[in-house]
Amino acid sequence: MNIIIEKAREEHAEAIANICSTGWKQTVAGKLSEEYQKKNIAFWYNHERVKKDITQGTYTHVALDNSKVVGVIGGAKTKPDTGEVFVLYVDESYRYKGIGKQLLTALTKQQIEKGVSEQWVSVQEDNYRAIPFYEATGFVYREKRTTTTETGENQVSIRYSRIVK
C-alpha cells in the first residue's frame with residue numbers, strides 16, 4: 001500500500017461523496033432516523049455539492065492508494081486564528097493504518113500556514129472511531145452540543161480543540 005496525500009480535485013467528487021456518506025451513516029447508525037440520514041446525505045454528499053465544496057476549498061485533501069480515493073479531509077479557517085476540521089473519513093477497509101493521521105497532518109499544516117493556532121472539531125457523541133483518534137492527536141474535550149434536526153431529533157456532538165504550531 002502506497003498512500004499519497006494530495007489536494008482534493010473535482011474528479012474525486014464521486015469517491016468523496018461515497019466515502020463521506022458511508023462513514024457518516026456508520027457514525028449515526030441507531031442514533032438518527034433513516035429519514036434524516038437520507039435527507040442529510042442528499043444535501044451534503046450529492047456530487048454537485050461535493051464538487052462545489054472542492055472548488056471552494058472545503059474538502060482540502062484526499063488519500064490515494066494507486067489513484068483510488070481511500071480517505072478525505074476538509075476544513076477551513078473559521079476565525080483569524082482558529083481552524084475547524086469539518087470532515088474526516090477513511091474507507092472502512094483502509095482504517096487503522098495511519099491514513100487519518102496523514103490527512104489531519106496535511107490539513108493542519110495548511111491551516112497553520114494561514115495563521116491558525118487553535119483547531120476545533122465536532123464529533124458525534126459515542127463515536128468510538130473518532131473520539132479515540134482525536135484524543136490521541138492532542139484534541140481535548142471542551143463541550144457537548146445538542147441540536148435539533150429538521151426531523152425533530154436530537155443530534156448530540158462533542159466539541160474538541162487543540163493548540164497547533
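These legends describe close-up views of a predicted model. Residues are numbered from 1 along each chain as its sequence is written, local features need pLDDT of at least 70, side-chain atom pairs count only at pLDDT 80 or more, and totals for chains, interfaces and linings use all residues. Side-chain values use heavy atoms, with hydrogens and water left out.

**View 1. The open sheet of seven strands.** The strand order is E1-E2-E3-E4-E5-E7-E6, with mixed pairing. Strands (E, at least two residues) and helices (H or I, at least four) are DSSP runs numbered from the N terminus; two strands pair if DSSP finds at least two bridges between them. Strand E1 (3-7) and strand E6 (140-148) are the edge strands, each pairing on one side only.

**View 2. The pairing of strands E4 and E5.** Strand E4 (residues 82-90) and strand E5 (residues 118-124) run in the parallel sense, joined over four bridges. Thr 82 has Glu 118 in E5 as its bridge partner.

**View 3. The buried and exposed residues of helix H3.** Glu 48 and Thr 55 are exposed on the face of H3 turned away from its buried side.

**View 4. The two ends of helix H3.** Asn 46 caps the N-terminal end of H3, with a side-chain oxygen 3.2 Å from the backbone nitrogen of Glu 48. Gly 57, which follows H3, has a positive phi near 90°.

Key. Buried means under 20% relative accessible area, exposed over 50%, partly exposed in between (1.4 Å probe, protein chains only). A polar contact is a pair of N or O atoms within 3.5 Å; within protein, one must be able to donate a hydrogen and the other to accept it, and residues adjacent in sequence count only if both atoms are side-chain atoms.
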